[in-house]
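Dear colleague,

I am passing on the structure below, followed by my notes on what was found in it. Please read the two side by side.

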Amino acid sequence: MTRSGAVAELRYFGLTLRQWIILGAIVGLVLLLVMPFLLRNYRVFQINLAMVYAIAILGLNMLTGYNGQISLGHGAFYAIGGYTAAILMHRYGVPYWATLPVAGFVCLVAGFLFGLPALRLQGHYLALATFALALATPQILKYKHFEEFTGGVQGIVLDKPEPPFEFSFLGQALSQDRWLYFFTLLVAAIMFLLAWNILRGRIGRAMIAIRDQPIAAAAMGVNLAMVKSLTFGVSAMYTGVAGALGAIVVAFVAPDSFNIFLSITILVGAVVGGLASIPAAIFGAIFIQYVPNIADQISKSAPWAVYGVFLIGLMYLMPTGVMGLLRLVGARLRKYAE
């Protein structure tokens, strides 16, 4: 088919690119609403975790992709958010939904305060400082004087929230996991919309300017210290909200669940999805949630070796992440259509 034929075919359907996007968004929304009733509870639980990871990856991407600060310690903020929600629910009887803003605020303050002394650090020095934070957090949670609140090495067991009403669709009842699916989906949509507004605004432009040309940004009046600390705080807030959601979805928190591997996993998700891209968090979350399970099915004896092969191959084929590949494909398609 010639190039003019492709354009003619597109016009034959009578829809512009914007209309196709709107139609795709409507179809996608319908699929999102129906999907939990087409799957078993365990599959819904996995999707819930993927959405939780997407929020955490988005927070790290705002820090690393848009502001140029490298962090290997976001698992610590994930743990702070998770334990904040767990303690409030288990010890004080706070409703699960009310723990999210509290966890986000606590991590916002913690991230901002950590970002202040980290201003003197850049590159791998900052990465090492955040790495130390991730190493120390599980040990602090096990500290005997905190056991009354944290449960020590045993952690805290929670009850999954019950659906507020009874509902059935396609012969499937609205279970706990299905209700949490809709709750997590709503929170994720709010967090992604908030990130989109932040990054398109004045603060977002300042973050990108600091990443690309910090000297020029300072000359233009950008307060480097404030913007970088605030970015660290907002990034930690996102990860804290994800940690609180993760605690609610899993219904359990323990110090060993928040080891250094969690921080590395979140960073892997950000890199695989693609830095400096909001939708990239979704692709990164899908990778870190499902690829380890696929690797385990391929080899029970060496699943992480298979996982490493997947990761190396993906980085070789898509060095700029999934979103980088999609941008490249989209650019070539637009060039072909001209």
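The count of aromatic pairs in this predicted model comes to 15, where rings of Phe, Tyr and Trp (for Trp the six-membered ring) pair if their centres lie within 6.5 Å, and where planes under 30 degrees apart count as stacked, over 60 as edge-to-face and the rest as tilted. One of them joins Tyr-181 and Phe-182 in an edge-to-face arrangement, with 5.3 Å from centre to centre and 85° between the planes. Tyr-181 counts as buried because its relative accessibility is 1%, whereas Phe-182, at 21%, counts as partly exposed; buried means under 20% relative accessible area, exposed over 50% and partly exposed in between, with a 1.4 Å probe and protein chains only. Both residues belong to a cluster that ring pairs build from Phe-37, Phe-167, Phe-169, Tyr-181 and Phe-182.

A ring also takes part in a contact with a charge: the charged end of Arg-200 sits over the ring of Trp-196, at 4.3 Å from the ring centre (the rule asks for NZ of Lys or CZ of Arg within 6 Å of the ring centre and within 35 degrees of the ring normal).

Before you use these values, please note that the model is predicted, so that local features need pLDDT of at least 70 and side-chain atom pairs count only at pLDDT 80 or more, while totals for chains, interfaces and linings use all residues. Residues are numbered from 1 along each chain as its sequence is written, and side-chain values use heavy atoms, with hydrogens and water left out.

Turning to the helices, α5 (residues 96-115) and α11 (residues 224-250) pack at an angle of about 145°, with their axes 6 Å apart. Here the axes are lines fitted to C-alpha atoms, for helices over the stretch in contact, and the angles run from 0 to 180 degrees between N-to-C directions; helices (H or I, at least four residues) and strands (E, at least two) are DSSP runs numbered from the N terminus. The crossing of α5 and α11 is right-handed, a crossing being right-handed if the near helix is turned clockwise from the far one by less than a right angle, and left-handed if anticlockwise. The residues of this contact divide into 17 nonpolar, 7 polar and no charged, with Ala, Val, Leu, Ile, Met, Phe, Trp, Tyr, Cys and Pro counted as nonpolar, Asp, Glu, Lys and Arg as charged, and the others, Gly among them, as polar.

Helix α4 (residues 74-92) holds Thr-84, which is buried because its relative accessible area is 15%, and whose side chain reaches the backbone oxygen of Ile-80 at 2.6 Å. Ala-76 also has its place in helix α4 and is buried, with a relative accessible area of 2%; its C-alpha atom is separated by 8.1 Å from that of Pro-138, a residue 62 positions away along the chain.

Ala-127, in helix α6 (residues 124-141), is buried with a relative accessible area of 9%, and between Ala-127 and Leu-72, which are 55 residues apart in sequence, the C-alpha to C-alpha distance is 5.5 Å. Ile-70 lies in the loop between α3 (41-64) and α4 and counts as partly exposed at 35% relative accessibility, while Ile-70 and Ala-129, 59 residues apart in sequence, are 10.0 Å apart from C-alpha to C-alpha.

Leu-170 has a positive phi, near 55°, though it is a residue other than glycine; Leu-170 lies in the loop between β2 (168-169) and β3 (172-173) and is exposed because its relative accessible area is 51%. Ala-251, likewise not a glycine, has a positive phi of about 65°; Ala-251 is placed in the loop between α11 and β4 (252-253), where it is buried, with a relative accessible area of 10%.

Terms used. Polar contact = N/O pair within 3.5 Å; in protein donor to acceptor, adjacent residues only side chain to side chain.
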